[in-house]
Every structure is written in C-alpha cells, then in structure tokens.
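These notebook entries record what I looked up in one structure.

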Amino acid sequence: MRKSASHKESLMQSAREVFDTLNTDYLAVHKTKEDLFWATYMATSTDDAGFSRAEESYKNFISDPARLAAVRAALASLPATDTDDAMRELRHGLNGWRALIECNVVESDAARVLMSELIKLESDLFAKQREHVLQHINEAGELEDASLGMLATNLSTNRDEAARKSSHDALMAQERWVLANGFLDIVKKRNAFARAQGFANYFDYKVQKNEQMSSDQLFAILDDFEARTREANLRALRELTQKHGADATQPQNLRFYMSGDVTRQLDPYLSFGKGLQRWVQSFRNLGIAYRGATMQLDLMERKGKYQNGFCHGPIPSFYDKQGQWVPGAINFTASAKPDQIGSGARAIMTLFHEGGHAAHFANVTQNSPCFSQEFAPTSMAYAETQSMFCDSLLDDADWLKRYARNAAGETIPDDLIHARIESAQPFAAWQERGILVVSYFERAMYRLNDDELSPERVLSLARETEQRILGVAIAPRPVLSVPHLLNQEAAASYHGYLLAQMAVEQTRAYFESKYGYLTDNPAIGPELSQHYWARGNSINHNATLVSLTGESFNAKYLADACNQTVEEAWQQARATMEAAAKRSYPNATNANLNAKIRIVHGAELIAENSESDDAMCEQFERWVAQRYPVTEPA
C-alpha cells in the first residue's frame, strides 16, 4: 500500500511539474512576443525580424504536439475523482492547457512549415505597411498624411464633398496597395495551412478554432440576422436619398449625411482632452477595477503607428503556484488626431472599448495564464462582448446627460440628443450590416481557388458583397481597407463583433430589467467580474450569458434594437433621462481603478497616476491643450 501511495504521489508530483513548467515557460515566451508586438506596432522599433522570431516561438509553443502529449499524459495520471481542492485545481489548470494547445496544435510537419512561412509573409507586409503613406484633404483644405481613423472621421464630418472624396479615394488606394503587396499570397498560404490541418479553407479553420462552430452554423445565425434587417437597411437608404438626393449614397457622402452635422455639433461636448477623465470616472462609478494591473495607453496617431485600436496583455493575470496574485500587464492603443472634428467621440469610444477588454483580462482569476489571453480558445465573440458592452453606454442618453459637457460646463441639450437619435437610429441595421459585409466577403474570398485569387477578381467580389449586404455600389469603408483582414489573429474573425453585439443587447436588457438603469450603476462591474470575467476561457461564451442572464445566446434583442423607429428610440431615451434626473446615485464602490496607468505617445510619457487617477487626467488634458491648441471650427 505504501508503494502504491508513493507511486500515486509521484504521478501527482509529475503532473504538477508539467503544469508549473507550462505556466512559467508560457509567461516568458508570451511576454517576449507581446513586448516586441507593442514596440513594432507603435513604431518605436523596426525590429521586424525579431518580432517575427518571437511570434514564431509563441506559435510553436501553443501548437506543439509534444506539449499536448505531456498535458494529456499528466491528466491521465490523475485519479478519476478529485480528492481535495489541490487536485481539483490541478486538473482544472491542465484542462485549460489542453484546450489551448488543442485549439492551436499543428501536428503535421507540412503545416508547421506553412505556419512559419505565413508568419514571414505577414511580417513582411506589416513592415511595408508601416512605410505606406495615405493622404487626404483635411478640414482646413490642406493635403495631409492620414491614418485610417483620420480618413474615417473626415468622411463623417468634413462639409466639403471634394475633401471627403479625397479620404475615400485614399481608402480605395489602400485596397489596391494591399492587393499589390502580398495579401493574396498570404490568403493562399493561409488556405494551404488550413488544408494541411484537414479543413477546406482558412475561414472554416478559424471559425471552428475560435468559436467552436462550423461556418455553416455561423452563417445560419448571420443569414437569419441579414434577413431580419434587410428591409430596415433598404428603407433607410431610400429615405436618405429622398431627403438629400441621389448622390447621398455615394461613398464619400453616405456617412456624412448619416451623421456629419450631428457629429460636428456633438464635438464641443465630447472634447478629446476630457476623454480620459470621463473614462476613469465612468468606469469607477460602474464599480470596474483592474486588480493592480499595469496599463500602458498610446492614444494619438503618428507616422508608422498601427492604425487600429487594440488591447493586448504582455502578462496575463492569474494566481501562481503559491496562490499569489499576478496582476496583468496590459497595453491598449488608439489612433486619434485631437484637433480633428469628431476625434473626441472616437477617443472616448476607444477608451471604453479597449478599456473594457482590459477590465476583462485584468479580472480573470484562475490558476494559469492560459485562461486570460485573447487568442483561441478565447472566443472573439466572448472577448468583444466585454468591450462592446462598455462602449455601448456612450450611446445612452443618461450617460450623455451626466458626462457630455462643453468647455463652459454646460450639459448637452435634449434637442441634440434627439438629433443624434434621429440621424443614427434609421441606420442601426446598416451599421451592424457593416460587420456582416466583412464576414460574407472573407468567407467567399477564402473559398476561391488559388488561380481565382487575382486582384481583379477579389476587388470584384468586394464590390458584389457590398452591394448585396449594404445596398450600395461601393462602401464608405471599402472592405479590403479593413485592417483586420491582414492580421492572422483577426482575419476570418470579424463576425465575432456581430455575435458580441447580439450578446451586448442581451446583457443590457438583463441589467435594465434588474436595476432599471446602466449609467453609473456600481453593481455592474462586480456582476460582470463574477459572471463574465473571473473564469476566463474556462467556460464558453454561451455559459457566461447563462451565468449572468439565465438565458442562452439570443439574437432577438439586437434585431429588435435595429428595427426600432426614431420615435420609439427617442421615447425610450427621454424616459431614461427623466428617471436619471430623479435618481439618487449610490457612491462609487472603488475610489480608483486600482491600476498603475501610463499614458504615452510613442517613447514620450504624457501622464501617469502615481499620485492619483485625477492628477493623471489633469496632466493628460494639459498636454493635449498644449500640443493641439483649440481653434474654432469653420
């Protein structure tokens, strides 16, 4: 008996060593990759070769058949039932590693070679992209270099059609540049890699790995939503042309006529400089905290910097083998130009969105870093639900009434909130279909044979898909200008945003039913932490929804929101504002965000919160005012 017990203890110790080694080694390879990712994407380093090597090391780690075999053997060595909490935790952690590696494992030599080649192709394209310059005519009528974010904002707000067209022309040029500089070679290589893994194409591979469903199952959901919102989309386009003329749906005009004047009127109430303070205060009042995380935010555009917001965590949060809390280290970015009309609204959107991602990953309280990272088996739809729920608050009338103030401290007027609803609500379906168009296009593109993957055929496919899904000949944001298509982690995953938006509306409905309000409700942060964040990817997206709302994934809430009339949306907003005016808000549950925050501009430190969150916000606002003096808009 003693020998048997000793043998059992030996097996347990061996399994524990496998688990602890995975945790330790993963932290090292993951942090190396993420530090280089940040430096190259923020244009503070040109070590593309180093990043490519680090990316390959990371991919090799999470796709290693030998590690998977070791994890499976360690699990098999454990007793059939848990004898104590330590055994249960060990089994839980090993199952987390098994899920992660099984999602990414590359078991054939041919596929591993293809992955290595794919990483090199993507690194080369990224290096070229960093040097690629886009230009447009700005608000002042001047030709300037422009990021993708600046082009989008100019399309929405510039009163000069020729200037708006210059922004759209730049996006069209971006499409042609992408097709001429290696993207189609990457698509072919991705498909070859997927086929080596037993999948028909890369789209099918990604959907199965990221969302644990087939592409047919995914498109059963997407097709249903497309059918439910088709007429609302076409009706909005018809009404727009009746109001503004046939040219209103031209790609340089559509976003402007949808929101341009309202965006301009909103601008004084959502200044860029105040954005950081509004994020800090709002999250604090929601009871959201970051459990001691170290956070680095880079918010302004500059040459060479990656042109899309993202949130990555070099150090995932978890409890180590001594039971000590390892707080996360989290980076997130935006690409705003503070002196551009609409930049404040874009900045606060990014802060809430990426700050929501950061809150999620900072609050995963499991026993391994494998549960608190943004890649598979973490579902993109699950991850985006957290960020998109947070940024959805910015559309709420009661949030605008509490936070949107001009330089004189005056509250945003009701008639501007009404005008915002009047311009946005008819296009609620169109906005969500802007996600659909990417998914339909990518699936069709990855289904093409290699000999069909020519620039002309792919551009034709893009236009065909835009016409079918959006109802316009060319989209204001041409589909091939979407940066997600270029990055391996984001490619063939855009549908995650729509699945998340469905979950967001379901979550909002639950909180509204339970509490009657969302803005500055201090119960929301703790509930999200308990039901959505704490367990990380140890449970699936649907299980988190059931945990909080008691209801499985349900898309009807989003369809209902898209199909609301302007009057219905306004009556709802007015009732929300009236209730908020009478409400006595509870005190914030946390005095600060419980994070060490640095605001940077490349290598330059702008502000940090070693003194307090409020002092950091004041430092940031002063820096913005000095760097971007306010001029009255024309």
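Entry 1, the second largest cavity. I looked up which elements line it and found that helix H6 (148-157), strand S7 (329-336) and helix H13 (343-362) each supply at least two residues of the lining. Helices (H or I, at least four residues) and strands (E, at least two) are DSSP runs, numbered from the N terminus. I note that the model is predicted: local features need pLDDT of at least 70, side-chain atom pairs count only at pLDDT 80 or more, and totals for chains, interfaces and linings use all residues. Residues are numbered from 1 along each chain as its sequence is written, and side-chain values use heavy atoms, with hydrogens and water left out.

A cavity is, on a 1 Å grid over the protein atoms alone, a set of points where a 1.4 Å probe fits but cannot get out, and its lining residues have an atom within 4 Å of a point. H6 gives the most to this lining, with 3 residues. By class, I recorded 2 nonpolar, 5 polar and 2 charged residues. Ala, Val, Leu, Ile, Met, Phe, Trp, Tyr, Cys and Pro count as nonpolar, Asp, Glu, Lys and Arg as charged, and the others, Gly among them, as polar. The volume of this second largest cavity is about 30 Å³; a volume is the space filled by probe spheres set on the grid points, which are joined across faces, edges and corners.

Entry 2, the largest cavity. I found 2 cavities of 30 Å³ or more in the structure, and the largest has a volume of about 70 Å³. Its lining includes His312, Gly313, Ile315, Phe361 and Glu374. Strand S4 (residues 310-315) gives the most to that lining, with 3 residues. The lining of the largest cavity has 4 nonpolar, 6 polar and 1 charged residues.

At what angle do H17 and H19 pack? I read an angle of about 145° between helix H17 (residues 428-446) and H19, with their axes 8 Å apart. Axes are lines fitted to C-alpha atoms, for helices over the stretch in contact, and angles run from 0 to 180 degrees between N-to-C directions. The contact, meaning heavy atoms within 4.5 Å, is made by Glu432, Ile435, Leu436 and Ser439 of H17 and His495, Tyr497, Leu498 and Gln501 of H19. These residues divide into 4 nonpolar, 3 polar and 1 charged.

I next looked up helix H19 (residues 495-515) and helix H21 (residues 541-549), whose axes come within 10 Å and cross at roughly 10°. H19 is therefore roughly parallel to H21, a term for angles under 35 degrees. Leu499, Ala503 and Phe511 are among the H19 residues in this contact, and Leu545 and Leu548 are among those of H21. The contact of H19 with H21 has 6 nonpolar, 4 polar and no charged residues.

Most residues other than glycine have a negative phi, and most peptide bonds are trans. I noted a cis peptide bond between Ala376 and Pro377, with omega about 15°. Pro377 lies in the loop between H13 and helix H14 (380-392). I also noted Ala43, where phi is positive, near 65°. Ala43 is in the loop between helix H1 (2-41) and helix H2 (48-62).

Note on methods:
1 Å grid on protein atoms, 1.4 Å probe; cavity = no way out; pocket = protein on both sides within 12 Å on 5 of 7 lines; lining within 4 Å. Parallel < 35°, antiparallel > 145°, perpendicular 65-115°, else oblique.
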